[in-house]
Amino acid sequence: RELCIISDFQAAQWGDVTVKLPEGIRLHTLPVGRAEAGNGAVLEVRSEPPAPVVGEPVQILCEVANFSSEARARIAMIEIGEARVSRQVMLAPWGRAVASVDHVFRKPGPHVVQVRVDDDAFGADDWRGAIVPVRDALRVGVFGADPRVAPIWLRALGVIPWTSPLRVNGGDLPEAGACDLLMIAGWDGGAMARLKELRSAGMPMIIVPKEGLDLRVLQELTGVQGEGGAAAWEVLKEPVGMMVEDHEHPVFAVFRSGEYGDPARAAFRMRWRLPPSMPRGRTLMRFSDGPAAIWLCEANPSLLLWAAPLSAPESDWASHAPFLPWFGELVGSLRARRLGMVAPTMLPGERLAWRVSGRDDGIRLVGSGDAIIETSASTAGSDGWRYISAPIASPGVFRWLVEEQCRETQIINFPTVESDLRAGMPPSSGSVAGGVLRSARELSKQDGTPLWKFLAWSCLAVLMVESGIVFLSDRERRAAAEASP
């Protein structure tokens, strides 16, 4: 009635394990590892932004870890399509570091990024891959019809080459979920349920309030606390200008050198006056006489309040050259960063699946070195056919081919939790009779059958039998000798 577990007792896997045993069963644990098992690994590969557009500068980031008690230098080889770049990272004991590469994708579609560090004794986690979805343009929905902003927004979005404007009507608001940003021109607090759904799905928004809107409704929409107060449409006696308040915000980064002019250059004869008790956040731009013109709420995803009209004769802001690049920077900085945009990766031992509209016997799944992976097909009801692979043991990039054309790319990565090879305490037992042992020497000290006594008596009995046989044999030999003449 004993159970013995022999393992390396990796801390990441065994740290929280408690073995539940019935009464009367003794548990023994025998660690097999004695020395430290140092290891290095690639823990993460991602792009910033996660879903870029064609021609946009992208930063590829890879996190490398050192699971050992000694500082190490590792070489990370970053492969983006046919481009290969190496980066050296210095890693402190049990430390992590990030290597980065700037890149510009020239074609839309899924792009595979692979990172490999120089090999060590445990090589399964020295490689990691990711898929970067690159799109032709950002989809920006414009909802509402306030004539003082909506037409200018649509016209500016149509000029920016990497944005695709979508006019969203009230009945089409459900379709706004496919957008990267929703701009609301003249919000009266309506469609709250749908807007909250979009927010929970990660939709950033720019809102121009309708006159009289109590900003306390933003608390329901965003969860950001605020005392509220109504937005008022104000006709100014004298034109007022505008100034940048938060120079450190990324949206103003390209204007710091002065090369692109002053994005706040404007004169306003009318405006929305936001109440002094705003929701928590920061003023990006303000009117020269004090009130906020562009207010970024402290919310996630982003929500921006816009109080500056764009159409003539209310203002001349949109007529100045710096407005368009600033507007493009704003749209790019507020885009949705939903995880659903990035294809998930699988783990070793799992099966890859691909769904198609109809069965095709020419569909193949290939892995590293164009090795063919066994697959099977089954119907998926009205959704067509589903192709499923056999369990795949090793990490890598896998491609679904139809007539030698790649139609789908999937990635299997090593689980990061397995990379830390430090051993922890062996698991304890939930049984009262259970015990935890630390070594084979201790295991040999436990109660059991005392075999040494049995073996000693057995040896003594063998010696006695042997002595008796020898004595009888000698006596017969002597008797025979005496009887002979």
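Me: Which residue forms a salt bridge with E56, the closest N and O atoms being how many Å apart?
Reply: In this predicted model, local features need pLDDT of at least 70 and side-chain atom pairs count only at pLDDT 80 or more, while totals for chains, interfaces and linings use all residues. Residues are numbered from 1 along each chain as its sequence is written, and side-chain values use heavy atoms, with hydrogens and water left out. A salt bridge is a side-chain nitrogen of Lys or Arg within 4 Å of a carboxyl oxygen of Asp or Glu. By that rule E56 pairs with a residue whose closest atom lies 2.4 Å away, namely R335.

Me: Where do E56 and R335 lie, and how many residues apart are they?
Reply: E56 sits in the loop between β4 (39-48) and β5 (57-67), and R335 in the loop between α5 and β21 (353-356); here helices (H or I, at least four residues) and strands (E, at least two) are DSSP runs, numbered from the N terminus. The pair thus links distant parts of the chain, with a separation of 279 residues.

Me: Are E56 and R335 buried or exposed?
Reply: Buried means under 20% relative accessible area, exposed over 50%, and partly exposed in between, with a 1.4 Å probe and protein chains only. On that scale both E56 and R335 are buried.

Me: What is the nearest side chain of opposite charge to E314?
Reply: E314 is placed in the loop between β20 (303-306) and α5 (323-333), and a polar contact of 2.9 Å joins its side chain to that of S311; such a contact is a pair of N or O atoms within 3.5 Å, where within protein one must be able to donate a hydrogen and the other to accept it, and residues adjacent in sequence count only if both atoms are side-chain atoms. Lys and Arg count as positive and Asp and Glu as negative, while His and the chain ends are not counted. E314 is buried yet has no salt bridge, and the nearest side chain of opposite charge, 5.1 Å away, is R148.

Me: How many residues are in the largest nonpolar core?
Reply: A nonpolar core is a set of buried Ala, Val, Leu, Ile, Met, Phe, Trp, Tyr and Cys residues joined through side-chain atoms within 4.5 Å. In the largest one, W153, W306, W317, W326 and F327 touch the most other members, and its residues number 72.
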